[in-house]
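Visitor: Please walk me through the metal sites of this model. I would like to learn how to read each feature.

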Amino acid sequence: MERMILQTIRHLEDLPTLPSVAVEVMGLSRSPDVSIKDISECIHKDPPLAAKVLKMANSSFYRRGSQDIDTLHRAILLMGLNEVINITTSVSVLTSLGSRKSQGQSLRKKFWHHCIATGLIARRIDTRLRLRLQGREFVGGLLHDIGKIILDEYFHDQFMQAHSLSIERQCSMFEAENEVLGATHMEIGHFLAQKWGLPPYIADVSLNHHRPQDARFKDITSVVSIANLLAKAKELSCGGDTMSFVLKDQQGWHILKKMGHPMDSIDLERITFEIEDIGEEVKEYISTISDQEIQEHAHA
Amino acid sequence: MPMPEYLNTSQPGMPDEIFRLLRDFIYEHSGIFFSDNKKAQLENRLALRLKMNNLPDFDKYYYMLKYDPQASRELRALFDSVTTNETSFFRSPPQIQAFQEKALPEILEKRAAQGEKILRLWSAGCSTGDEPYTLGMVVREVLGEKTPEWDVKIFASDISEKALKSARAAVYNDYTLRSVPPDIKKKYFIQEGSQFRVCDDVRMLVELQYLNFNDDKRVKLMRGFDIIFCRNVLIYFDDAAKKRFVSQLYDNLNPGGYLFIGHSESLHNISRAFKLVHFPGALGYKKE
Ligand SMILES: C[S@@+](CC[C@H](N)C(=O)[O-])C[C@H]1O[C@@H](n2cnc3c(N)ncnc32)[C@H](O)[C@@H]1O
Ligand SMILES: [Fe+2]
Ligand SMILES: [Fe+2]
């Protein structure tokens with residue numbers, strides 16, 4: 001039987017939507033013989049989106065060489081189709097959800113900091129372990145908790161109640177959500193990712209980032225589950241829980257190890273020290289993606 | 001750029017061979033290692049020892065350390081001058097918080113369940129006492145009214161007599177108290193003019209003693225600790241000395257006990273015995 005709250009959400013008419021062009025791009029990306037031209041023309045149909053994608057492609061997060069990437073065509077040539085689709089996905093989801101207002105703005109800000117930090121940390125883990133997840137670990141990290149936005153927006157009081165409960169009991173946010181709302185942000189995020197037609201790995205990460213053993217995309221989900229914990233350990237947390245943990249005892253860790261990745265050689269202390277100042281990078285990412293900046297950019 | 005000879009009148013230079021001999025001597029006796037790029041630092045620090053002993057150059061100083069039967073007293077002065085005693089109350093607050101909110105309650109709960117209300121902490125390399133007294137304050141805060149039910153001891157040791165002397169006096173200036181929360185400052189310090197004295201309730205928990213970490217026999221005797229703080233001490237040791245000492249610390253801990261090292265120090269290449277625990281904003285090492 002489907003949970004009450006999911007039924008309610010299913011019938012909400014004012015749920016945020018994705019820009020139609022983004023939906024189209026993701027659809028295109030699934031077809032085997034899509035061309036660079038198809039994708040770039042499609043994104044161009046939504047000029048603000050195209051501008052944001054280009055801006056992101058030129059930011060320190062993606063740019064490798066010294067040359068300006070001035071067209072989407074060039075971006076795809078230089079970065080690859082996958083990376084441009086990753087950027088389009090992140091930028092459009094963040095634009096759709098990031099502009100939503102909440103009664104508790106301060107929590108919203110923390111939420112985005114947490115998500116971006118998780119994405120950035122996931123990317124570092126990918127690099128360190130040479131997993132070659134091709135940026136999907138970053139998008140997965142960025143979007144793993146999107147269910148929380150919906151909960152915060154449509155069930156604000158109960159969500160806040162769950163937040164207090166998780167602080168009081170020092171339990172995880174999803175346990176508290178389950179108790180107060182009868183559903184978790186993972187289920188809601190999974191529902192939203194499917195409704196929006198986001199790539200399947202994103203739906204998977206949303207649903208399973210606290211139980212990577214159940215995931216289909218085990219490597220991406222495991223990396224995100226670890227990155228999520230590390231982001232919290234840096235006090236970049238959006239739930240109330242500030243639990244301590246042993247990374248080597250985590251499911252995600254075991255899964256990656258079983259897959260043959262050299263987990264024992266990772267210098268965990270060093271990774272932890274390195275992410276000490278990830279806050280700066282998070283801020284940079286936010287300023288790259290924020291609307292105001294984009295407008296200033298356009299007027300300049 | 002090397003300093004012109006004529007400007008360098010205050011000190012006799014330290015020839016490379018003597019630097020190496022002294023460096024090895026210090027390392028052998030304390031585990032503190034001066035790498036080649038720290039030669040100038042060692043030279044500066046030992047300059048005063050030359051003066052105090054009325055010696056013309058570093059050769060003579062080395063021979064005195066090595067062959068003079070009276071050298072053991074000089075050895076302690078030497079340790080005083082080669083160690084950095086930099087410390088403060090509530091240093092690295094996230095670590096103190098991890099101790100206060102996670103590690104300590106966990107240990108207390110376990111002990112209480114076992115029916116033995118005994119708590120043993122060790123501040124290894126306690127310098128002027130800021131760290132062990134901080135731990136004492138936190139323990140009192142956490143135990144609250146239950147303090148009298150518990151047998152608490154915080155051992156605090158250092159190789160520097162000078163630092164230990166300040167620790168015994170337990171009087172501090174405002175600057176070393178800069179991270180102390182205001183209510184804690186009010187509760188556990190007695191203001192004397194511009195100075196602050198640690199109150200007796202906290203002082204009585206702390207037992208100060210001279211201990212050289214290189215003295216394996218005595219270090220072995222430090223047994224049965226629940227939590228060890230050995231922060232900003234290992235940085236002076238080279239890898240071999242670190243490995244030896246850290247494996248000793250492991251043995252000094254009770255099962256389930258924690259080791260905290262300096263907030264940017266790592267045991268990654270030093271020991272695999274511990275379990276690395278991520279606390280909010282801080283790392284700890286657990287013995288299982
Ligand atoms: C920088 S202080 C750290 C004080 C305190 N633990 C903290 O973190 O604030 C380092 C202390 O380690 C002591 N130390 C260095 N080598 C030592 C050795 N071989 N045996 C005992 N103590 C030593 C020094 O005397 C100094 O007081
Ligand atoms: Fe989550
Ligand atoms: Fe999360």
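Visitor: Which residue bridges the iron ion (ligand 3) and the iron ion (ligand 2)?

Guide: D145(A) does, and the two ions lie 3.6 Å apart. Bear in mind that this is a predicted model, where local features need pLDDT of at least 70, side-chain atom pairs count only at pLDDT 80 or more, and totals for chains, interfaces and linings use all residues. Residues are numbered from 1 along each chain as its sequence is written, chains are lettered from A and ligands numbered from 1 in the order in which they are written, and side-chain values use heavy atoms, with hydrogens and water left out.

Visitor: What are the protein donors of the iron ion (ligand 3)?

Guide: Donors are N, O and S atoms within 2.8 Å of the metal (3.2 Å for Na, K and Ca); water is not among the atoms, so sites may look incomplete. Here they are H114(A) (NE2), H144(A) (NE2), D145(A) (OD) and N228(A) (OD1), 2.1 to 2.4 Å from the ion. Their sequence spacing is H-x29-H-D-x82-N.

Visitor: Where do D145(A) and N228(A) sit in the chain?

Guide: Helices are DSSP runs (H or I, at least four residues), as are strands (E, at least two), numbered from the N terminus. D145(A) is in the loop between α8 (136–143) and α9 (146–154) of chain A, and N228(A) is in helix α14 of chain A. The pair is 83 residues apart and links distant parts of the chain.

Visitor: Are D145(A) and N228(A) buried or exposed?

Guide: Buried means under 20% relative accessible area, exposed over 50%, partly exposed in between (1.4 Å probe, protein chains only). Both D145(A) and N228(A) are buried.

Visitor: Now the iron ion (ligand 2). What are its protein donors?

Guide: D145(A) (OD), H185(A) (NE2), H209(A) (NE2) and H210(A) (NE2), at 2.2 to 2.3 Å.

Visitor: Why is the arrangement around the iron ion (ligand 2) irregular?

Guide: Four donors are tetrahedral if all angles lie between 85 and 135 degrees; four are square planar and six octahedral if opposite donors are over 155 degrees apart and all others between 65 and 115; anything else is irregular. The four donor atoms here subtend angles of 80 to 169°, which makes the arrangement irregular. H185(A) lies in helix α12 (residues 185–195) of chain A and H210(A) in the loop between α13 (200–208) and α14 (218–233) of chain A, so this pair ties together parts 25 residues apart in sequence. H185(A) is buried at 1% relative accessible area; H210(A) is partly exposed at 25%.

Visitor: How many disulfides does the structure hold?

Guide: A disulfide is a pair of cysteine sulfur atoms within 2.5 Å. Over all chains there are zero.
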